[in-house]
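Look over the chains below before reading on. The paragraphs that follow walk through them piece by piece.

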Amino acid sequence: MAERPPAEGDRNAASAGDNRPALSLHVPEPKYRPGDTVDFSHIQVPEAGAQARPDETADPKEMLDLAHDLIRVLGEDNKAHGPWDPKLDPETLRTMLGHMAMTRAFDERMFRGQRQGKTSFYMKCTGEEATSVSASMALAADDMIFPSYRQQGILIQRGYPMIEMINQIYSNRGDKLKGRQLPIMYSSREHSFFSISGNLATQTPQAVGWAMASAIKGDSRIAATWVGEGSTAEGDFHSACLFATVYNAPVILNVVNNQWAISSFSGFAGAERSTFAARGVGYGIASLRVDGNDPLACYAAEQWAANRARANAGPTLIEFFSYRAEGHSTSDDPSGYRSAQEREEWPLGDPVMRLKNHLIAIGEWDEERQEKMDLEAAEYVKKVTKEAEANGILGHGLHHPFRTMFEDVFEELPWHLQEQSEQAIRERETKFPEGLPNGGKGA
Amino acid sequence: MSDTQTKTAPASEEGTERRLNMIEAINEALDVTMSRDDNIVVMGEDVGYFGGVFRCTAGLQEKYGKSRVFDTPISECGIIAAAVGMGAYGLRPVPEIQFADYIYPGLDQLISEAARLRYRSAGEYTSPMTVRSPFGGGIFGGQTHSQSPEAIFAHVSGLKTVIPATPYDAKGLLISCIEDNDPVIFFEPKRIYNGPFSGYYDKPVQPWKRFDASIVPEGHYTIPLGKARHATEGEELTILAYGTMVHVVEAVCAEKGVEADILDLRTIVPLDIEAIEESVKKTGRCLIVHEATRTAGFGAELSALVTERCFYHLEAPVERVTGFDTPYPHSLEWAYFPGPIRIGEALEKILAE
């Protein structure tokens, strides 16, 4: 498109009669749009194992390069390389692969369930499984997680009953959140998994507050939070970094850079100028940029950060460089704004395939077992889904007693909510004069 | 309605009772609760070593240590967010926002997070924080150190909003807030930190020590949230007020010889609707006074409630006296303030009906 000459008024305003050039606004634009041929050769993919692994208590100033490099363990030969190799035993690797496969099978089923009208909304994490499953495996089970909305892999890794997840997604009578939350906004105190907000990045400074509390009490537990690269634009993320560094909080700030925030590419969060890991550098926070599709690198980085936090050596910011292989959510169709080739051409591959190929390369796995595992995962999810469906699906019947709508606003019900709850019950009685469906369970 | 009666501490022998100003009473509430519960932490800008710009946290860091009383970055979002995280851990944080005018960067963390955490997690996580913040004008604070944003918080489901008007109440209410398991906004009317205010800015300030409401017992006592206090009892009309304005209306009524039933609401959410209804049904007239801007102020809610519930007892339309719908001006502060002239005019109007 031809440059429009500045209007007279603009010109006058811009240069006030002298010969200063007119300013122009830069609006970031992704490299590829629908139909474009994708070439990712501009993305630097360093050799696996080439990155130094500093001591966990090292001064952040001694590891500035790691905020711009890419920590990788699994090479093109599917073998583990270099100082970041966590040297996990084959059984642990198979467990990791199992959780990742289960997460993917769960995503497939829930996505389908939404398309079948069983719920309103779902969000897959396809291609990002390592950033939750592998990272979470490097933490202790009672370390506190402040998640964003795409860390279902952590709940699966921590053994949260899958039926609870599906009950929540269906907002059915088994949903322990009483149908109040949008699907996938889980909460499990028992699994040290904080209630997912849905407002973006709010969990990041909360995680720091939790970590500060743990330090105040002389506890040994640490906190870890996850946030997308797009949400790092929120002021809350700045507050998180600031409080983390000011109080040397035992916290890990995980940024999952999956390149896309709905239809806005990472450039709108600043990716054209620097890395997300580099945001930590200005705060004096140890900052690591990690191949987020390399399960071993994800584990190793999170373990390094956990050891650092536990040693009172302070917070770590980790950028997991990854790719959102699917839409943002079931409400999103990425074919409208990005090239379908991106997923195929993504230079860091697929985390499940990479771990599988690694296990095969070290003689601890084969295609047959993989196929069997995938099948079993799909069967398991199907079985649990059926169990959950016995508790109902979204919008079919009145699943939650009506009074629960007014509970938990406060610890005790004040008079104005009491009055409003009586109003709500009157409305139900008007709507169902013959008695409520579900044998009166709606009251 | 014994709960609504003016509570005066039992005075010990003449001359030995303790008289505190509101700052000292607030300090003592923090001290008493912190000594009873190790999970209480105090944080905010300048609250640590220095003891707060209004001195409300003086001496606490020295007594309880730096990990329980500490300064924070100038980041209200971060302060409230950290308090949410601490609450999830099991602490009972008491963050201070230095001026209510500065609370807005923390609003999302208050409205979307602290206030809704219990609900969205079905009780798995709660946010038992008390946010203390000086509010209101009358100290030449200009438009950034004078606002009264209580209506914003009253509008949010899941938040309680508490405003003391005396040192005795400040201590008892603050202890209740800190011990409450829900998030509470505790607005401290800074114009009356050192003494009640008659509304005449050109007359000397009377220190709290000259008033019995400054008699503050030692140790632990609570004033329940959601209970109003009768500042004065009368038959001519009901006046609903809180904070600084309680004292202003009291002074104006005394000057004009009006026998008003003045209710110091003390808590606006939850509201003491029983006390309000009882009083309005008795007097048949209701004047609402607050310092905050008028449109969609808390007075609008009070007016609606009184009209809905007491309409057939009313002998005159409900009247509101408020600040004007402008930012709080610096040099014209007293032209903004709902002082004796504005209140007097409203009294004449409502009593003439």
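Where is B:A296 found? B:A296 sits in the loop between β11 (286–293) and α10 (298–310) of chain B. Helices (H or I, at least four residues) and strands (E, at least two) are DSSP runs, numbered from the N terminus.

This is a predicted model, in which local features need pLDDT of at least 70, side-chain atom pairs count only at pLDDT 80 or more, and totals for chains, interfaces and linings use all residues. Residues are numbered from 1 along each chain as its sequence is written, chains are lettered from A and ligands numbered from 1 in the order in which they are written, and side-chain values use heavy atoms, with hydrogens and water left out.

Most residues other than glycine have a negative phi, and most peptide bonds are trans. B:A296 is not a glycine, yet its phi is positive, about 60 degrees. B:A296 counts as exposed, at 62% relative accessibility. Buried means under 20% relative accessible area, exposed over 50%, and partly exposed in between (1.4 Å probe, protein chains only). B:F140 also has a positive phi, near 55 degrees. B:F140 lies in the loop between β4 (130–135) and α6 (150–154) of chain B. At 45% relative accessibility, B:F140 is partly exposed. The peptide bond from B:V269 to B:P270 is cis, with omega near -5 degrees. B:P270 belongs to the loop between β10 (267–269) and α9 (273–283) of chain B.

Now take two helices of chain B. Helix α1 (residues 22–36) and helix α7 (residues 167–179) pack at an angle of about 30 degrees, with their axes 8 Å apart. Axes are lines fitted to C-alpha atoms, for helices over the stretch in contact, and angles run from 0 to 180 degrees between N-to-C directions. α1(B) and α7(B) are therefore roughly parallel. Angles under 35 degrees count as roughly parallel, over 145 as roughly antiparallel, 65 to 115 as roughly perpendicular and the rest as oblique. Residues making the contact include B:M22 and B:A25 of α1(B), and B:P167 and B:A170 of α7(B). Contact means heavy atoms within 4.5 Å.

Chain A has an open sheet. Its 5 strands run in the order β1-β2-β3-β7-β6, with parallel pairing. Two strands pair if DSSP finds at least two bridges between them. β1 (144–146) and β6 (286–291) of chain A stand at the edges with a single partner strand each, so one side of each has no neighbour in the sheet. Neighbouring strands are turned by 20 degrees against each other on average, direction ignored. β2 (residues 223–228) and β3 (residues 251–257) of chain A pair over 6 bridges. A:W226 stands opposite A:N254 in β3(A). Helix α7 (residues 235–246) of chain A packs on the sheet and touches β2, β3 and β7 (316–321) of chain A.

A:T316 is part of strand β7 of chain A. A:T316 is buried, with a relative accessible area of 0%. Among the residues A:T316 touches are A:V251, A:I285 and A:W304.

What of helix α5 (residues 162–170) of chain A? 7 of its 9 residues are buried, so α5(A) is largely enclosed by the rest of the structure. The buried residues of α5(A) pack against α2 (90–115), α4 (152–157) and α12 (367–389) of chain A. A:S171 follows α5(A), and its phi is positive, near 50 degrees.

Definitions and conventions: Lists of a residue's contacts leave out its neighbours within four places in sequence.
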